[in-house]
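The entries follow the order in which I looked things up.

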Amino acid sequence: MGTGLGETRKISTNLKRITATGYAKPLCLKIMNLIETSRIKKFKQTIIKEIPKFPNNKETKEFLEAKSLSSLFIDYTNWACRYVANRKRKVQIEPAALSDHRWSKHKPQIESFLEKVRNGQDLTPHLSLQVHSRGYTPASSEKVANVDKWADKDFLLNVMGYHHFHLGTKLEASGHVERTDDVIFAHITREKFNMVAFFDHSVFEKHQSGSTRLTSERERLWKIFDKRNRLGLPQGSIIAPSMITTSGHALNHVNIAIDYASVVREIDPQLDQKEFIKSLYENKNLEIPPKPKVKWHLNYLDLGLLDEKNGFFFVLRYGPT
């Protein structure tokens, strides 16, 4: 496996995460015309390998290979943001969840799941199965009038910044928990798990059967989303919480991708300088290995430099979760 999301899970137990402060501050530079080094090319290939492609064929791979580093980061971020990094989080349960009749109905399953959250256990088995297979398709780049991106449940949640989790407690042989019609929606940061509400799967259906009206669950989702975004704002305030770029991606994902590409292009030329490599260790009072070697690495959406041999990960940018 590559050195992206999948492999990181194997080595994360012993990986020493280090914040490389002082590096990769935002710059206003003309960086897009720099020649890609072998390190960047290998990094791009690793990212391409990590992203689940559909259809998974030569043509789809060539679509990705033709992309710039920033465009490739957009596709990776759009996919990898659906996962949740393993770390302990404080649980906050919001009123819409507490007042729902499904709270008492699923209380044992909820308590079991939230205990995993507090302990920093892997929540991947509770995610949608599409996370593992629906990463990138060339069709997403097509700008045609009859494509309704809002019909894609993952697109909807990416824009809102929510995750949804199944409440099953039985782990199936394939590695995921049993599917449940009722699911938890949550807003997740690196420190906190905000349990927003319960929904059934009709929330992912745009319209009621034979009608142009939203399903009741989808309408309720939008009301909750709007209410959460207006908390603390003066009455009459105008907000734009769900901005979408012309590429059809959430604006915050595009901003992350552009920033990450800038970091890579700023720092990469310095990786041929021994003094710079030594400074990574010296700034953190670490013993410098005899022949230190680092490569670009993504741990979920944390971007940094990985010393694979010694297990050090110098984090240059922290991801949202």
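**Entry 1: overall view and confidence**

I noted at the outset that this is a predicted model. I looked up the average confidence and found a pLDDT of 86, with 86% of the residues scoring at least 70. Where pLDDT is low, the predicted coordinates should not be read in detail.

I counted the secondary structure next: the protein has 11 helices and 8 strands. Of its 321 residues, 48% count as buried. Among contacts with a separation of 6 or more, 66% are between residues 24 or more positions apart.

**Entry 2: the sheet 2-5-4-3**

I traced an open sheet of 4 strands in the order 2-5-4-3, and its pairing is mixed. Its edge strands are strand 2 (90–93) and strand 3 (162–166), each of which pairs on one side only. From one strand to the next, the twist averages 35°.

I examined one pairing in detail. Strand 2 runs parallel to strand 5 (residues 192–199), and 4 bridges join the two. Within this pairing, Val91 has Phe193 of strand 5 as its bridge partner.

Which helices lie on this sheet? I found helix 7 (residues 107–119) across strand 2, strand 3, strand 4 (183–188) and strand 5, at about 155° to strand 5. Helix 9 (residues 216–230) also packs on the sheet, where it touches strand 3, strand 4 and strand 5. The direction of helix 9 makes about 150° with that of strand 5.

**Entry 3: the sheet 1-8-7-6**

I traced another open sheet of 4 strands, ordered 1-8-7-6, again with mixed pairing. Strand 1 (16–19) and strand 6 stand at the edges; each has a single partner strand, so one side of each is left without a neighbour in the sheet. The twist in this sheet averages 40° from one strand to the next.

I checked the pairing of strand 6 with strand 7 (residues 302–307), which is antiparallel and holds 5 bridges. His297 has Gly304 in strand 7 as its bridge partner.

I then looked for helices here. Helix 10 (residues 251–267) lies across strand 6, strand 7 and strand 8 (312–317), and runs at about 120° to strand 8. For helix 11, I listed the buried residues as Phe276, Ile277, Ser279, Leu280 and Tyr281. These buried residues pack against helix 10, strand 7 and strand 8.

**Entry 4: Lys284**

Where does Lys284 lie? I placed Lys284 in the loop between helix 11 (274–282) and strand 6 (295–299).

Lys284 and Ala20 are 264 residues apart along the chain, and their C-alpha atoms are separated by 7.9 Å.

Key. Residues are numbered from 1 along each chain as its sequence is written. This is a predicted model: local features need pLDDT of at least 70, side-chain atom pairs count only at pLDDT 80 or more; totals for chains, interfaces and linings use all residues. Side-chain values use heavy atoms; hydrogens and water are left out. Buried means under 20% relative accessible area, exposed over 50%, partly exposed in between (1.4 Å probe, protein chains only). Contact means heavy atoms within 4.5 Å. pLDDT is the predictor's confidence in each residue, from 0 to 100. Two strands pair if DSSP finds at least two bridges between them. Axes are lines fitted to C-alpha atoms, for helices over the stretch in contact, and angles run from 0 to 180 degrees between N-to-C directions.
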